Number of protein chains: 2
Amino acid sequence: MRRRAGRPPRNSQAKRMPGRVYIVDDDASVGTSLARLMRSAGFEPEAFASGEEYLKAADGHGGPACLILDVRMEGLSGLELQKHLVKSRMTCPIIFLTGHGDVPMSVQAMKEGAFDFFTKPVDDKELLESVSSALETHERILSGTDCPFRDRLGALTAREFEVMRCVLGGALNKQIAAHLGIAEKTVKVHRGRVMHKLGVESVAELVRQSIEAGVEPSEV
Amino acid sequence: MRRRAGRPPRNSQAKRMPGRVYIVDDDASVGTSLARLMRSAGFEPEAFASGEEYLKAADGHGGPACLILDVRMEGLSGLELQKHLVKSRMTCPIIFLTGHGDVPMSVQAMKEGAFDFFTKPVDDKELLESVSSALETHERILSGTDCPFRDRLGALTAREFEVMRCVLGGALNKQIAAHLGIAEKTVKVHRGRVMHKLGVESVAELVRQSIEAGVEPSEV
DNA sequence: CCCCCGCTAGGACCAAGGTCCCATATCAAT
DNA sequence: ATTGATATGGGACCTTGGTCCTAGCGGGGG
């Protein structure tokens with residue numbers, strides 16, 4: 001039961017979100033100038049002077065965001081902060097920006113899943129492009145691959161959804177019927193509507209799309 | 001048609017494979033010394049003098065493998081070769097080793113999914129560790145974290161496999177039959193055997209497992 | 001109060017999937 | 001030459017899936 005309670009946010013992303021950019025750099029002048037750059041490009045910057053400060057103030061935020069981290073900092077280093085965030089399942093992309101970068105350092109950061117890695121001096125345009133791309137990526141992560149299938153799921157009635165989950169579980173119509181305490185005939189009706197509403201033509205396709213959309217199958 | 005032509009390595013991984021290490025470097029002396037190093041560590045090296053040569057001779061191999069690529073080479077560069085391999089859905093990890101590496105280059109390689117990136121001179125121990133780790137990773141990829149489904153795939157005949165891919169694509173038996181130029185009856189036979197050999201009871205299950213095992217569906 | 005929507009379901013059919021048994025043909029290995 | 005694995009299908013038969021059309025029932029909103 002539940003899921004799609006009330007209103008599946010039908011038209012999310014009505015307008016393009018600007019996107020939050022967290023900046024963590026212990027050099028205040030760098031922080032402010034980066035913030036200025038980001039603001040001028042239409043993003044919402046927020047600067048922190050250390051990893052600890054960021055962690056304390058981190059609000060989770062709702063929409064798409066990304067981090068710009070310095071590697072060398074007093075206290076928590078950028079790489080340490082990254083490890084910490086990765087462990088706590090942070091999904092938002094991290095872009096490194098450092099004055100003293102070398103290949104092994106960049107490789108390590110990338111292995112940990114960094115989105116990008118720049119050395120100063122950095123080309124503003126390149127950095128902005130990377131930030132923009134990072135925000136897009138995060139948006140996609142947040143909204144689960146924006147597939148039209150997901151929206152169509154919202155068109156299903158509760159009963160249809162239940163039947164669909166049983167189908168995803170590989171159940172026969174008669175099993176679904178028994179499971180739901182209804183006639184096999186009715187299951188067929190629901191099932192047909194599910195296929196039609198979701199715009200799929202085969203169970204194989206249904207399963208694929210559902211996996212992508214994160215729909216859990218139902219045991220029968 | 002293609003893909004695992006001929007022989008699906010029937011009894012892969014009977015005994016612990018040491019792991020194949022493909023070396024692509026246009027400096028012959030580097031290639032042979034790397035090969036020697038790998039052999040001494042118990043791996044099975046195979047050296048190529050260019051990306052083109054590697055592509056021509058690539059045999060697919062059965063077991064776990066990895067690549068050691070130079071970045072700068074005559075003809076196809078390491079990064080280009082990597083892109084090409086990624087596009088063709090190569091799963092085996094790529095380790096870069098280059099004399100003239102810089103941060104942007106390493107970042108690009110890592111973004112494309114490189115397993116590691118070293119600059120010469122490289123510490124033998126580090127390189128060997130990376131290779132060993134890459135082989136382990138590849139083995140895990142190949143065997144899809146011990147799912148029995150993957151092993152069972154090896155029990156399918158070429159024809160059965162083709163039919164299965166069509167089923168994964170959501171095709172009807174008659175469409176599969178037309179596609180393969182055989183009778184619908186025969187498709188049913190193959191299909192039945194596929195389900196039986198793979199130990200699944202529904203198309204839904206088949207699709208799920210196949211996705212996990214990385215089997216590509218076939219358009220019909 | 002009535003209508004629409006969702007849930008239910010029967011009848012009638014037809015297409016598709018699946019399984020037995022059996023049979024032929026090819027190819028490679030013994 | 002014989003055997004085994006593979007691919008191919010015919011016949012028969014049953015189960016499932018899917019779609020028409022029709023229709024009763026209950027709830028919420030105009």
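Modeller: Contact here means heavy atoms within 4.5 Å. The model is a predicted one. In that sense, helix α5 (residues 124-142) of chain B lies across β1, β3 (65-69), β4 (94-98) and β5 of chain B, and runs at about 140 degrees to β3(B). The strands belong to an open sheet of five in chain B, with parallel pairing and the order β2-β1-β3-β4-β5. At its edges stand β2 (44-48) and β5 (116-119) of chain B, each with a single partner strand, so one side of each is left without a neighbour in the sheet. From one strand to the next the twist averages 20 degrees. Five bridges join β1 (residues 20-24) of chain B to β2(B) in the parallel sense; Val24(B) has Phe48(B) in β2(B) as its bridge partner.

The interface comes next. In chain B, 21 residues are in contact with 21 residues of chain A. About 1700 Å² is buried between chain B and chain A, and carbon and sulfur atoms give 67% of this area.

Two salt bridges are found across the interface of chain B and chain A. Asp116(B) and Lys111(A) meet through their side chains in a salt bridge, at 2.7 Å from N to O. The elements of chain B that give two or more residues to the side touching chain A are α4 (103-111), β5, α7 (158-168) and α10 (203-213). That side of chain B comprises twelve nonpolar, five polar and four charged residues.

Technical notes
Residues are numbered from 1 along each chain as its sequence is written. Chains are lettered from A and ligands numbered from 1 in the order in which they are written. This is a predicted model: local features need pLDDT of at least 70, side-chain atom pairs count only at pLDDT 80 or more; totals for chains, interfaces and linings use all residues. Side-chain values use heavy atoms; hydrogens and water are left out. Two strands pair if DSSP finds at least two bridges between them. Helices (H or I, at least four residues) and strands (E, at least two) are DSSP runs, numbered from the N terminus. Axes are lines fitted to C-alpha atoms, for helices over the stretch in contact, and angles run from 0 to 180 degrees between N-to-C directions. Buried area is the accessible area (1.4 Å probe) that two parts lose on being put together, summed over both. A salt bridge is a side-chain nitrogen of Lys or Arg within 4 Å of a carboxyl oxygen of Asp or Glu. Ala, Val, Leu, Ile, Met, Phe, Trp, Tyr, Cys and Pro count as nonpolar, Asp, Glu, Lys and Arg as charged, and the others, Gly among them, as polar.
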